[in-house]
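This briefing goes through one protein structure by topic. Please keep the sequence and the 3D view open while reading.

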Amino acid sequence: MKPTWIRFGRLNQPEISDKFIDWEVVKDIKFSMYAVSKYMPMSLVCRHQAHVAKILFNQYKIPFKLYIGFRYGEDKSIQGHAWTEVQGKQITGFCNPEEYTIQAIYS
């Protein structure tokens, strides 16, 4: 029986930096995330954008990393954030990664 949950990817995989990456496709994915989130009637937050980007990266066989991190907010609440990177360049969820304690890295 297959699980009914959606898997983000594999945890802590080695980085593949020597693979050719079509940066035009990456730019198109980045723009599509911006365009869709701007015109959707509902709010697409970081985790939604990261998950959709993950699906598109897998479709085009582009190596990526999906980060999930947490930090304390100004009111001492815990804030979560998700972002994707391709060879160290942020594609979705633009933030300063040094502000977050990274909980998981999927690839």
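Tyr72 has Ile78 in strand S2 as its bridge partner. The model is a predicted one. The points below cover the sheet, the helices, the nonpolar core and the aromatic rings.

**Sheet**

- S1 and S2 pair in the antiparallel sense, with 8 bridges between them.
- The hairpin formed by S1 and S2 has 5 residues between the strands, and Lys76 in this hairpin takes a positive phi near 65 degrees.
- The sheet is open and has 4 strands in the order S3-S2-S1-S4, paired antiparallel.
- Its edge strands are S3 (89-92) and S4, each of which pairs on one side only.
- From one strand to the next, the twist averages 35 degrees.
- S2 and S3 run antiparallel and are joined by 3 bridges.
- Val86 stands opposite Lys89, a residue of S3.
- S1 and S4 also run antiparallel, joined by 5 bridges.
- Leu66 stands opposite Tyr106 of S4.

**Helices**

- H1 lies across S2 and S3, and runs at about 40 degrees to S3.
- H2 packs on the sheet as well, where it touches S1, S2 and S3.
- The direction of H2 makes about 25 degrees with that of S2.
- H2 has 14 residues, which at 1.5 Å a residue should span 20 Å; the C-alpha atoms at its ends are 20 Å apart, so the two values agree.
- Which residues of H2 are buried? They are Cys46, Gln49, Ala50, His51, Ala53, Lys54 and Phe57.
- The cover over these buried residues of H2 includes H1, S1, S2 and S3.

**Nonpolar core**

- The largest nonpolar core has 18 residues.
- Val26, Ile29, Phe57, Ile62, Leu66 and Val86 have the most contacts inside this core.
- Two or more core residues come from each of these elements: helix H1 (23-39), helix H2 (46-59), strand S1 (65-72), strand S2 (78-86) and strand S4 (101-106).
- Apart from neighbours within four places in sequence, what does Ile62 contact? Its contacts are Ile21, Val25, Val26, Ile29, Phe57 and Val86.
- Leu66, one of the core residues with the most contacts, is the residue opposite Tyr106.

**Aromatic rings**

- The structure holds 3 aromatic pairs.
- A ring pair is described by the distance between the centres and the angle between the planes.
- Why does the pair of Tyr67 and Trp83 count as stacked? The ring centres are 5.4 Å apart and the planes are at 10 degrees, and planes under 30 degrees apart count as stacked.
- Tyr67 lies in strand S1 and Trp83 in strand S2, so their pair ties together parts that are 16 residues apart in sequence.
- Are Tyr67 and Trp83 buried or exposed? Both Tyr67 and Trp83 are buried.
- Ring pairs link Tyr67 and Trp83 with Tyr100 into a cluster.

Methods. Residues are numbered from 1 along each chain as its sequence is written. This is a predicted model: local features need pLDDT of at least 70, side-chain atom pairs count only at pLDDT 80 or more; totals for chains, interfaces and linings use all residues. Side-chain values use heavy atoms; hydrogens and water are left out. A nonpolar core is a set of buried Ala, Val, Leu, Ile, Met, Phe, Trp, Tyr and Cys residues joined through side-chain atoms within 4.5 Å. Buried means under 20% relative accessible area, exposed over 50%, partly exposed in between (1.4 Å probe, protein chains only). Contact means heavy atoms within 4.5 Å. Two strands pair if DSSP finds at least two bridges between them. Axes are lines fitted to C-alpha atoms, for helices over the stretch in contact, and angles run from 0 to 180 degrees between N-to-C directions. The expected span of a helix is 1.5 Å times one less than its number of residues. Rings of Phe, Tyr and Trp (its six-membered ring) pair if their centres lie within 6.5 Å; planes under 30 degrees apart count as stacked, over 60 as edge-to-face and the rest as tilted.
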